[in-house]
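This report is meant for a reader meeting the structure for the first time. Please keep the sequence and the 3D view at hand while reading.

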Amino acid sequence: MSKSSTIYKGKTGQWAFILHRVTGFLVFLFILLHIIDVSTLNDPTVYNAIHQLYGNIFLRLFEVGLLFALLYHALNGLRVIMIDLWPGVIKNEKALFQFMLSLAIVLTLVGGYFIVKPFFVGVH
Amino acid sequence: MAQALSSRQRSRQNFETWAWFFMRISGLILFFLALVHMFIMHIENDVTQTTVAFVAKRWQNPWWRLFDWLLLSLGLLHGGNGLRVVIDDYVKRASSRTFLKATLYSVAAALFLLGTITILTFR
């Protein structure tokens, strides 16, 4: 038996689960950072400087990544709730996963356009 | 189950059932709070416009302070509980689990306080 045949590869449900954990972890780490950056509110110079920094292209791309993580986690979370609530949904979990993932990607592209655009053409 | 559960096992089961329920409810609320927040701060407005003056104007309305405080507390609780389960699943050594969970709870509690103070004391 070849080595690869002994490794569990799972199906869509397993990938949905892994991606849910990874995106959840990343969003949580960002929340920790975000609480600290907002806590500088009483020092306007520092706070405004940080939010100018968020406007550079690397952090804008990071924000697009954050948007995808948040959208995927939110939409797949709905899928998990639907599977929990209605036993019949499990039969369609694969289609539902593909739908939620596609929706997350489309909304990330639309939102990402608005997040990255001001870097090139300025605000309004 | 053949054997009756000890009261310790039963309270653990009860806790996990409530944690499961909490994740569904808080997840549904966060679905709206987090996506609305992301929309307002990164799409309706540009991130470079979200200055102290912007926050001052926004937080004149106490409902936005409540909105942000709910996002803070539910985000920390939902994410903290998620990470607790992840630690239980993947960390095999009991002492490492205890250490990581103690760190997680301390960091989450400290940041909950920091965030709450920020929202309450900003003028």
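## Basis of the model

The model described here is predicted.

## Interface between the chains

Chain B and chain A meet through 39 residues of chain B, which are in contact with 39 residues of chain A. The size of an interface is often given as the accessible area lost when the parts come together. Between chain B and chain A the buried area is about 3200 Å². Carbon and sulfur atoms give 73% of that area. On the chain B side, the residues that lose the most area to chain A are F31(B), M38(B) and V52(B). Together these three residues account for 16% of what that side buries.

T48(B) sits in the loop of chain B that runs between helix 1 (7-44) and helix 2 (52-58). With a relative accessible area of 17%, T48(B) is under the 20% limit and is therefore classed as buried.

Which residues does T48(B) touch, not counting those up to four places away in sequence? They are H51(A), Q52(A), G55(A), R60(A) and V123(A). Within chain B, the side chain of T48(B) makes a polar contact with the side chain of D46(B), at 2.5 Å.

## The second largest pocket

The second largest pocket holds about 280 Å³ of space. Its lining is made of 15 residues, and L76(B), L77(B), G80(B), N81(B) and Y105(B) lie nearest the centre. By type, the lining residues divide into 11 nonpolar, 3 polar and 1 charged.

Three helices of chain B each supply at least two residues of this lining: helix 1, helix 3 (62-90) and helix 4 (94-121). Which helix gives the largest share of the lining? Helix 3 of chain B does, with 6 residues.

Is T98(B) buried or exposed? Its relative accessible area is 53%, which is over the 50% limit, so T98(B) is exposed. The side chain of T98(B) reaches the backbone oxygen of A94(B) at 2.9 Å. Along the chain, T98(B) and I25(B) are 73 residues apart, and 27 Å separates their C-alpha atoms.

K101(B) has a relative accessible area of 17%, and K101(B) is buried because that value is under 20%. Leaving out residues up to four places away in sequence, K101(B) touches R84(B), I87(B) and D88(B).

## A residue in helix 4 of chain A

L96(A) belongs to helix 4 of chain A, which covers residues 93-121. Its relative accessibility is 16%, so L96(A) falls under the 20% limit and counts as buried. Apart from neighbours within four places in sequence, L96(A) is in contact with R79(A), M82(A) and V89(A).

How far apart are the C-alpha atoms of L96(A) and D84(A)? They are separated by 14 Å, and the two residues are 12 residues apart along the chain.

Note on methods:
Residues numbered from 1 in each chain as written. Chains lettered and ligands numbered in written order. Predicted model: local features only at pLDDT ≥ 70, side-chain atom pairs only at ≥ 80, totals over all residues. Heavy atoms only, no water. Helix = DSSP H or I, 4+ residues; strand = E, 2+ residues; numbered from the N terminus. Buried < 20%, exposed > 50% of the residue type's maximum accessible area, 1.4 Å probe, protein only. Polar contact = N/O pair within 3.5 Å; in protein donor to acceptor, adjacent residues only side chain to side chain. Contact = heavy atoms within 4.5 Å. 1 Å grid on protein atoms, 1.4 Å probe; cavity = no way out; pocket = protein on both sides within 12 Å on 5 of 7 lines; lining within 4 Å. Points joined across faces, edges and corners; volume = space filled by probe spheres on them. Nonpolar A, V, L, I, M, F, W, Y, C, P; charged D, E, K, R; others polar. Buried area = accessible area lost by both parts, 1.4 Å probe.
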